[in-house]
Amino acid sequence: MNDKRPVNLDLTTIKFPVTAIASITHRITGVAIFVAIPVLLWMLDRSLASPESFADLKQLMTSPLAKLVVWAILAVILYHLVAGIRHLIMDMGMGETLEGGRRGAFATFVVTAVLILLAGAWVW
């Protein structure tokens, strides 16, 4: 028996491949969307309740903190959407090789970064 096996894995020292980072981030953004749903539903409720509550919500959305929260929610949704499209493309048989997976994961990060910057310009 080999006694040189690691007893405890220190995850901070392990270098994850880009495909693993993309997969883990996709899962994290899914949870973040679930957490953001009450905020979005509250905003929808306030916008539809009455003209006064819509005006109040509109006033609230002028604060930098509210804009940051909305931008963060949009960023999470955009990443999850792009990564989901990547998974659908892989389900069709494209990008299933190791190199294809790496390229797809990298493309997911690049496309999402561009979309997040565009969403930031729209929100701010």
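Select Tyr79 first: it is buried, with a relative accessible area of 5% (buried means under 20%, exposed over 50%, partly exposed in between, using a 1.4 Å probe and protein chains only). The model is a predicted one, where local features need pLDDT of at least 70, side-chain atom pairs count only at pLDDT 80 or more, and totals for chains, interfaces and linings use all residues. Residues are numbered from 1 along each chain as its sequence is written, and side-chain values use heavy atoms, leaving out hydrogens and water.

Tyr79 sits in helix α3 (residues 64-91) and Phe109 in helix α4 (residues 98-123), 30 residues apart. Helices here are DSSP runs of H or I, at least four residues, and strands are runs of E, at least two, numbered from the N terminus.

Stay in helix α4 and pick Thr112. Is Thr112 buried or exposed? Thr112 is buried, at 3% relative accessible area. Leaving aside residues up to four places away in sequence, Thr112 touches Leu78, Tyr79 and Val82, where contact means heavy atoms within 4.5 Å.

Last stop: show Trp42, Met43, Arg46, Ser47 and Ala49 in α1, which meet Ser53, Phe54, Leu57 and Leu60 in α2.
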